[in-house]
Amino acid sequence: MSKRVAAFGEVMMRLQVPGFDTLAQADTLRYTFSGTGVNIVSALARFGHTGYLVTTLPDNPLGEAAIAYLRKLGVSTSLIPRGGRFVGMYFLENGFGLRPSRVTYTDRLGSSFNQAPADNYDSADIAGNVDIMHFCGITLAMNDTVRGHMKKLAAAVKQAGGKVVFDCNYRPSLWGDDGYALAKPHYEEMLGLADVVLMNEKDALHILGMETHATERKEQLMDLIPQVAHKFGISVAAGTHRSINRDNSHSLQGYIYKNGQFEFSDMLNFMVYDRIGAGDAYASGIIHGEIQNFSVKHTVDFAAAAAALAHTVSGDTPNASEAEVMKAMTQMMPDVER
């Protein structure tokens, strides 16, 4: 079963330092284009769906380079208006051992996406051309105009009978001082429009200000997520718990809450080549499972395997096919394919 899936979000230029050098050491950078929306729809295109990105790019060679890159990923660019002069950029330094990976942003608020005028998108037309639309909390943090775009598009999709997916993806550095209080009303509005939500107990505790007597993370999750789903009318909630082990390997377990029941994936343990974008791979796995009417257990296992695979390739954007994810679900330590 194939669906038309769109995502609303900024295209970022990723400038990566080679190997494990720091910015102070390196004299070359490799650039690619990414962003949560890019990652989501390109992953779903790999799973056999039609993926549209809704964003704004400059009408100059930089914008053309981004368009060409999106098309190479299998993303439809037909819903992307052109305007402004800039794309957002960030620099990535790969961590090693005790030194964590580090992301440094440029002035992304000056990008074409974040400077687009209030009437930049035809919400009704976009909503009429998609079945599902994904929105992200990172985008919600940008500015009031972008928040207006986001809420208008989500409402239009709902009115047209489509499904809204919202990933909380709270970033403290983007909201600034008193960020939780600033973010709360916007998150509540998006949660009220969403059918599928990506979140965990920290979002319920800190953004929504909910309370629980549980002290262990999994217990907090199982106490708070049903309350969030009931309060906002959410049909599916999903997310992950991650831990970093002493040997620098990672452990990840996914959850899904649907029809009043929790289902958890197996705990997956793996080494990490590039961590950025793995959460988007998990979200795309949940969306694909819902589209394909997988069983709840199969959906969460599929999403967790997709996230684990995303750690094994460079770049933000997941590139595993459905068959590759299915294989990883049963073969987490593969031999060489010959």
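In strand β7, Thr104 is the bridge partner of Phe91. The model is predicted, so local features need pLDDT of at least 70, side-chain atom pairs count only at pLDDT 80 or more, and totals for chains, interfaces and linings use all residues. Residues are numbered from 1 along each chain as its sequence is written, and side-chain values use heavy atoms, with hydrogens and water left out. Helices (H or I, at least four residues) and strands (E, at least two) are DSSP runs, numbered from the N terminus.

**The sheet**

- Four strands form an open sheet in the order β3-β2-β6-β7, with mixed pairing. Two strands pair if DSSP finds at least two bridges between them.
- β3 (30-34) and β7 are the edge strands, and each pairs on one side only.
- From one strand to the next, the twist averages 25 degrees. Axes are lines fitted to C-alpha atoms, for helices over the stretch in contact, and angles run from 0 to 180 degrees between N-to-C directions.

**Strand by strand**

- β2 and β3 run antiparallel, joined by five bridges. Met12 has Ser34 of β3 as its bridge partner.
- β2 (residues 12-16) and β6 (residues 88-93) pair in the parallel sense, over five bridges. Here Arg14 stands opposite Tyr90 in β6.
- β6 pairs with β7 (residues 102-105) in the antiparallel sense, over four bridges.
- Helix α2 (residues 61-72) lies across β2 and β3, at about 70 degrees to β3.

**Helix α11 on its own**

- The 15 residues of α11 should span 21 Å at 1.5 Å a residue, and its end C-alpha atoms are 21 Å apart, which agrees. The expected span is 1.5 Å times one less than the number of residues.
- Of those 15 residues, 11 are buried, so α11 is largely enclosed by the rest of the structure. Buried means under 20% relative accessible area (1.4 Å probe, protein chains only).
- Among the buried residues are Thr299, Val300 and Phe302.
- The cover over them includes β12 (250-258), β13 (261-264), β14 (268-270), α10 (278-291) and α12. Contact means heavy atoms within 4.5 Å.

**α11 against α12**

- How do the axes of α11 (residues 296-310) and α12 (residues 322-330) cross? They come within 9 Å and cross at roughly 100 degrees.
- The two helices are therefore roughly perpendicular to each other (65 to 115 degrees counts as such).
- The contact residues include His298, Phe302 and Leu309 of α11, and Val325 and Met329 of α12.

Definitions and conventions: Parallel < 35°, antiparallel > 145°, perpendicular 65-115°, else oblique. Buried < 20%, exposed > 50% of the residue type's maximum accessible area, 1.4 Å probe, protein only.
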